[in-house]
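Here are my notes for you, as one colleague to another. Keep the picture open while you read, and go through the points in order.

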Amino acid sequence: MEGYSVWNRIYDYIDPIAFSIFGINVHWYGIMYVSAMIIALLIAKAFVKYNNKRFPITQELLDSFFIWVEIGVILGGRIGYVLIYSPQRLEYLSRPWEMFNPYVDGVFVGISGISYHGAVSGFVIAAILFCYIKKQPFWIFMDLSAVSIPLGYVFGRLGNFFNHELFGRTIEGEGFAHSIGILVNGQLRYPSQLFEAFSEGIVVFIILMCLMRYAKRAGSLLVAYGFLYALARFICEYFREADVQMGYFSFGLSMGQILSLVMMGISVLLFILIRCQKPCIIESNPDSIIKQSRPKPARKSHRARRK
């Protein structure tokens with residue numbers, strides 16, 4: 001098209017379907033989603049191995065934790081999307097098993113529609129159950145998750161980009177914005193998926209790495225991640241088109257921005273709660289973590305002093 005660069009027309013060269021095998025289409029989104037999980041797990045394993053003093057967790061426990069929370073992410077993400085965004089929510093609620101049915105009229109189409117905030121809720125519920133049943137320190141696992149998720153999240157947003165979904169808002173006028181825009185159905189739009197991949201993934205990860213030296217209290221990294229992600233998401237939503245079925249709400253806010261404000265509020269409340277608790281002390285046994293103040297040396301009795 002005249003007047004547009006190769007970058008503007010990049011969707012002409014990207015097929016959402018990466019390849020087909022035995023008649024089943026494998027989408028880039030699925031590949032990126034699996035990549036995100038693997039990257040997050042590998043990063044968590046590296047932290048456990050090289051910073052075990054901060055994250056006193058065994059590799060075996062980490063593997064078990066990963067399975068638990070991934071189930072929570074899949075269930076929570078899908079259920080959250082249906083309850084928050086899907087116009088067919090009542091139909092799904094009457095037949096809940098259909099939420100996870102990848103076939104439509106006998107044709108494999110995969111499962112589309114995953115809510116990040118729903119996935120976070122499923123993740124937290126699964127983590128609570130895991131730590132309660134396994135008798136493990138919840139906040140330590142949450143801190144580990146906080147520093148492991150962001151770079152994996154980058155792949156999730158790249159999956160949205162390759163899958164031709166979650167488009168940005170329409171670009172008006174000329175200038176720099178015009179040069180970075182992506183043509184979608186003849187309209188030039190912001191590449192909001194890439195904005196989110198960079199800010200919510202890479203930038204948040206870098207800031208968390210800088211905070212690790214100062215955020216010593218257990219749970220502080222989780223709070224920092226929750227607030228930073230929500231802030232980055234809130235800003236990026238100004239470049240992202242709201243879901244058609246949802247539109248915009250008061251003050252021109254999208255549902256993503258409203259949920260981000262809620263997430264920021266919860267992060268602040270958690271920060272206050274964590275600050276009010278006694279600091280977490282790691283004992284010599286890496287599998288044993290207790291919350292207590294440092295014990296004062298016992299005073300000798302008069303009889304002991306006479307001896």
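1. Let's start with a term you'll need: a salt bridge is a side-chain nitrogen of Lys or Arg within 4 Å of a carboxyl oxygen of Asp or Glu. Two ground rules come with it. This is a predicted model, where local features need pLDDT of at least 70 and side-chain atom pairs count only at pLDDT 80 or more, while totals for chains, interfaces and linings use all residues. Residues are numbered from 1 along each chain as its sequence is written, and side-chain values use heavy atoms, with hydrogens and water left out.

2. How many salt bridges does a search of the whole structure find? There are 8. One of them links E237 to R233, with the closest N and O atoms 2.7 Å apart. E237 also pairs with R240, where the closest N and O atoms are 3.4 Å apart.

3. Are E237 and R233 buried or exposed? Here "buried" means under 20% relative accessible area, "exposed" means over 50%, and "partly exposed" is in between (1.4 Å probe, protein chains only). E237 has a relative accessibility of 3%, so E237 counts as buried. R233 is at 3% too, so R233 is also buried. R240 and E237 are both buried as well.

4. Now look at R157, which the UniProt record (unreviewed entry) marks as "binding site". A word of caution: UniProt positions are given in the numbering used here, feature names are shortened, and annotations may be inferred rather than shown by experiment. R157 is found in helix α5 (residues 138-162). Helices are DSSP runs (H or I, at least four residues), strands are too (E, at least two), and both are numbered from the N terminus. At 7% relative accessibility, R157 counts as buried.

5. Which residue meets R157 in a salt bridge? It is E196, at 3.2 Å from N to O. R157 lies in helix α5 and E196 in helix α7 (residues 192-211), so the pair ties together parts that are 39 residues apart in sequence. Both R157 and E196 are buried. Coming back to the pair from point 2, R240 and E237 are both buried. Salt bridges that share partners join R157, E196, E200, R233, E237 and R240 into one network.

6. On to the annotated spans. The UniProt record (unreviewed entry) places "transmembrane region" at residues 26-44, 65-86, 106-131, 138-156, 222-240 and 246-274. Residues 138-156 are 100% helix and 0% strand, with end C-alpha atoms 25 Å apart. Residues 246-274 are 69% helix and 0% strand, and their end C-alpha atoms are 35 Å apart.

7. Next, the surface. F227, L231, I235, Y238, F239, V268, L269, F271 and I272 make a nonpolar patch of about 800 Å². The elements giving two or more residues to this patch are α8 (220-236) and α9 (255-276). The largest share, 4 residues, comes from α9. Patches are made of residues with over 30% relative accessible area and no salt bridge; like charges are joined within 9 Å, and nonpolar side chains (Val, Leu, Ile, Met, Phe, Trp, Tyr) within 5 Å. Accessible areas come from the Shrake-Rupley method with a 1.4 Å probe, and for residues only the protein chains shown count as cover.

8. L231 is in helix α8 and is partly exposed, at a relative accessible area of 35%. V268 sits in helix α9 and is partly exposed at 38%. V268 and G226 are 42 residues apart in sequence, yet 9.1 Å apart in space, C-alpha to C-alpha.

9. Then the aromatics. Rings of Phe, Tyr and Trp (its six-membered ring) pair if their centres lie within 6.5 Å; planes under 30 degrees apart count as stacked, over 60 as edge-to-face and the rest as tilted. The structure holds 22 such pairs. F47 and F55 have ring centres 5.8 Å apart and planes at 70°, so they are edge-to-face. F47 and F55 are both buried. Y190 and F195 are tilted, at 6.3 Å between centres and 50° between planes. W7, Y11, W28, F161, F162 and F167 form one aromatic cluster.

10. Last, the cysteines. A search of the whole structure finds 0 disulfides, a disulfide being a pair of cysteine sulfur atoms within 2.5 Å. C236 is buried at 6% relative accessibility, whereas C276 is exposed at 65%.
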